[in-house]
Amino acid sequence: MAYRLLWADDEIELLHGHIIFLKSKGYEVVTVTNGRDAIEACRNEDFDLMLLDENMPGLSGLETLVLVKEIRPALPIVMVTKSEEEDIMEEAIGSKIADYLIKPVNPSQILLALKKNIHKQEIVAEKANSAYQQNWGKLGMQICDSLTIADWIEVYKKIVFWELELENADSSMHEMLKMQKSEASNMFAKFIKKNYLDWMRGATERPMMSNDLFKERIFPMLDKKEKVFLIVIDNFRYDQWKVLMGEIGNLFSIEEEMYMSILPTATQYARNAIFSGLMPSKIKEMFPQLWIDEEEDEGKNLNEAALIETQIARYRRKDTFSYNKVLTSQAAEKYIDNIRSLAGNDLNVLVINFIDMLSHARTESMMVRELASSEAAYRSITLSWLRHSSIIRLFRYLAESDYTTIITTDHGSVQVSNAIKVVGDKNTNTNLRYKFGKSLNYNPKEVYEIKEPAKAFLPAPNISTGYIFATGDDFFAYPNNYNHYVSYYKETFQHGGISMEEMLIPFVTLRPKGR
């Protein structure tokens, strides 16, 4: 396909050599000598880019620019000017020029402007394709050689990096990466099955996990007299953090690490472990009034402030803190409007539920399924939420404050596609990624089973209670009405089981720049 250019310049005859050069490169060039003709051309024809002389008799380049943008708001316009005066450049940039060139221009400058503004996406995609192909074998070896949690964190970071790089790549690259990710998911599940109970027994290679977060990260910051603002975004994945980082990264100095969610990777277990500093069975044992069993109708995360208080008291600390949870944009607005009232606290904790609500809405609403049809779309909606919600105001405030800000989560989620049959009684829990009960029927080769919950510090309502966890992109389905159940939940985002997306989660420290 030949790209069509419109070039408006009152001295167009002097640019004949440039136009011949562009035609030799495959471009179709339409020329006009004044702003009126340029506007008429844009009204009647489609162009991929416009080169616009700033200093023309009659309508000036700036006047022409404004009128052309009314007709073709998406048309990239490159201003060509003899002047480098600041006010002219500011006015042109404010009118949303794509680029500008200073006369006299040479063909290579023009070609560079075209590549930046017409071909950028395809050039970036081509380079990403080539780079991934060159690194494909290296990533494959890294997957096979991963023996520690640090190895797996690096693998997952690399996979997310290539997912973001290849968003605009051709389908064959996507398929290659999808296959590598599937291989990594299978091997990661084997790694967890082999090591999880050893970690629970206190193995020296144990990674930082949910119940370690305050002791190993938050309390040491408070001991240094840093005021800490802890933001826990429920159901927040590492890839979602990477796209948000592009939006707020210029406000802060960033230290990025990852830690591991406990099993099940579900809010009731993982977030309560964060706030209490205890594993689930220990919470139930030590603070039975603060633990809500799954079969009970009461909300499972109503005691989070009380759990934080018990952890601070258990370590004989005197830290003052606030705890808040926002579920709606109105609640977030009210919170941020009153944020200065929290300045006297050593620690402020804010739980944000938007992404968890989005994942559930995507399951239940066909419209939201269409909007978040893929992982790339899921990331895009997360970014749009940050840009247009009041939470961006929060980050701007924190960037001007003396807080050390932490962004983290309790667990991530994984897009599921493969159903596994499981049979349970009426008391079996409803989560699609983990099940527990006393009469579960399943294929042991398809799951990770913990037959003795006490070894994983998990509550056991009955002596014969066991837990099973889905791995990779599997989810549990009942034989009754199986086909309908599978089609309803396939490609939804779920959590509770074993995957890199659910278990390897971000812990990000933000400090205002210049501090």
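**Entry 1**

I started with strand 6 (residues 227-233) and strand 9 (residues 347-352), which run parallel and are joined by 6 bridges. I note here that the model is predicted.

**Entry 1: strands 4 and 5**

I moved to another parallel pair. Strand 4 (residues 77-81) and strand 5 are joined by 4 bridges. V80 has L101 as its bridge partner in strand 5.

Which side chains of strand 5 are buried? Along residues 99-102 they alternate. D99 and L101 point to one face and are buried.

**Entry 2: the core**

I looked up the largest nonpolar core, which has 110 residues. The members that touch the most others are F188, I192, Y196, F275 and L504. Helix 8 (residues 171-200) gives the largest share of this core, 10 residues. In soluble globular proteins, nonpolar side chains tend to be buried together.

I picked F275 and listed its contacts, leaving aside neighbours within four places in sequence. They are F214, L230, V232, E304, L307, I308, Q311, Y323, V349 and V351.

**Entry 3: helix 7**

I checked the span of helix 7 (residues 149-165). Its 17 residues reach 24 Å from first C-alpha to last, close to the 24 Å expected at 1.5 Å a residue. The buried residues of helix 7 are I149, W152, I153, V155, Y156, I159, V160, W162 and E163. E163 comes up again below, in a salt-bridge network.

**Entry 4: salt bridges**

I found 33 salt bridges in the structure.

E45 and R4 meet at 2.7 Å, N to O. E45 is in the loop between helix 2 (35-44) and strand 3 (49-53), R4 is in strand 1 (residues 4-8), and they are 41 residues apart. Is each buried or exposed? E45 counts as partly exposed because its relative accessibility is 29%. R4, at 19%, is buried.

D46 and R72 meet at 2.8 Å, N to O. D46 is in the loop between helix 2 and strand 3, R72 is in the loop between helix 3 (61-71) and strand 4, and the two are 26 residues apart. D46 is exposed at 54%; R72 is partly exposed at 26%.

E502 and R433 meet at 2.5 Å, N to O. E502 is in helix 20 (residues 500-503), R433 is in the loop between strand 12 (418-421) and strand 13 (434-437), and 69 residues separate them. Both E502 and R433 are buried.

Last, I noted a network of salt bridges. It links E163, E167, K181, R237, D239, E375, R379 and E501.

Methods. Residues numbered from 1 in each chain as written. Predicted model: local features only at pLDDT ≥ 70, side-chain atom pairs only at ≥ 80, totals over all residues. Heavy atoms only, no water. Buried < 20%, exposed > 50% of the residue type's maximum accessible area, 1.4 Å probe, protein only. Pairing = 2+ DSSP bridges. Core = buried A, V, L, I, M, F, W, Y, C linked by side-chain atoms within 4.5 Å. Contact = heavy atoms within 4.5 Å. Salt bridge = Lys/Arg side-chain N within 4 Å of Asp/Glu carboxyl O. Expected span 1.5 Å × (residues − 1).
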